[in-house]
Amino acid sequence: MTATFWNESQGTCDCCGQTTKTIWGDLSDDDGTHAIYYVQWTVGSPQHFPNIDLIIGPWGEGTQASQRQLVCLRFRPSPNGGSFMVVDGGDRHHSRAGLCGRGLGRNEIVGTPLAPQVFQLVDTLWLTEPRIEDIKALCTLLPPS
């Protein structure tokens with residue numbers, strides 16, 4: 001599986017005035033698209049945890065948004081490389097944008113059969129999406145623990 005990047009945008013963080021970036025694309029293999037991703041972060045601000053939204057489910061002709069679910073994670077940068085945490089997806093923009101049936105709660109992912117799929121998708125994104133390097137660099141801005 002690999003990430004195919006589609007586009008990106010920039011904005012301004014409401015609380016600090018720093019530049020924010022959003023990137024998006026799909027995670028696919030020979031069997032087709034498994035998820036669409038949106039990743040948003042505030043440039044140079046590791047205290048603003050980057051958001052990773054995965055819209056998981058079938059894509060393409062003959063599929064419907066109701067067949068897909070939104071899974072949300074945050075990346076917590078640290079001098080040791082950082083970590084991911086699953087968060088509730090119901091209040092994220094993509095849960096209301098008509099791309100999926102609904103956003104899943106944390107308790108619907110952690111410790112369920114869906115969890116390994118989610119983390120495989122995140123691993124693929126982390127290892128094959130070159131624009132993620134900006135997020136990885138946030139770890140270098142923190143003092144050693």
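In what sense do β5 and β6 pair, and over how many bridges? The two strands pair in the antiparallel sense, over five bridges. Strands here are DSSP runs (E, at least two residues), numbered from the N terminus, and two of them count as paired if DSSP finds at least two bridges between them.

A quick word on the model: it's predicted, so local features need pLDDT of at least 70, side-chain atom pairs count only at pLDDT 80 or more, and totals for chains, interfaces and linings use all residues. Residues are numbered from 1 along each chain as its sequence is written, and side-chain values use heavy atoms, with hydrogens and water left out.

**Around β5**

Here are the pairings of β5.

| Partner of β5 | Sense | Bridges |
|---|---|---|
| β4 (residues 51-56) | antiparallel | six |
| β6 (residues 83-87) | antiparallel | five |
| β7 (residues 102-103) | parallel | two |

β5 itself covers residues 69-76. Take Q69: it stands opposite I56, and its bridge partner in β7 is R102.

**T42 in β3**

Now for T42, which sits in strand β3 (residues 32-42). T42 has a relative accessible area of 7%, so it's buried (under 20%, with a 1.4 Å probe and protein chains only). Setting aside neighbours within four places in sequence, T42 is in contact with C13, C16, Q18, T19, T20, H48 and L138. Contact means heavy atoms within 4.5 Å.

Definitions and conventions. Helices (H or I, at least four residues) and strands (E, at least two) are DSSP runs, numbered from the N terminus. Buried means under 20% relative accessible area, exposed over 50%, partly exposed in between (1.4 Å probe, protein chains only).
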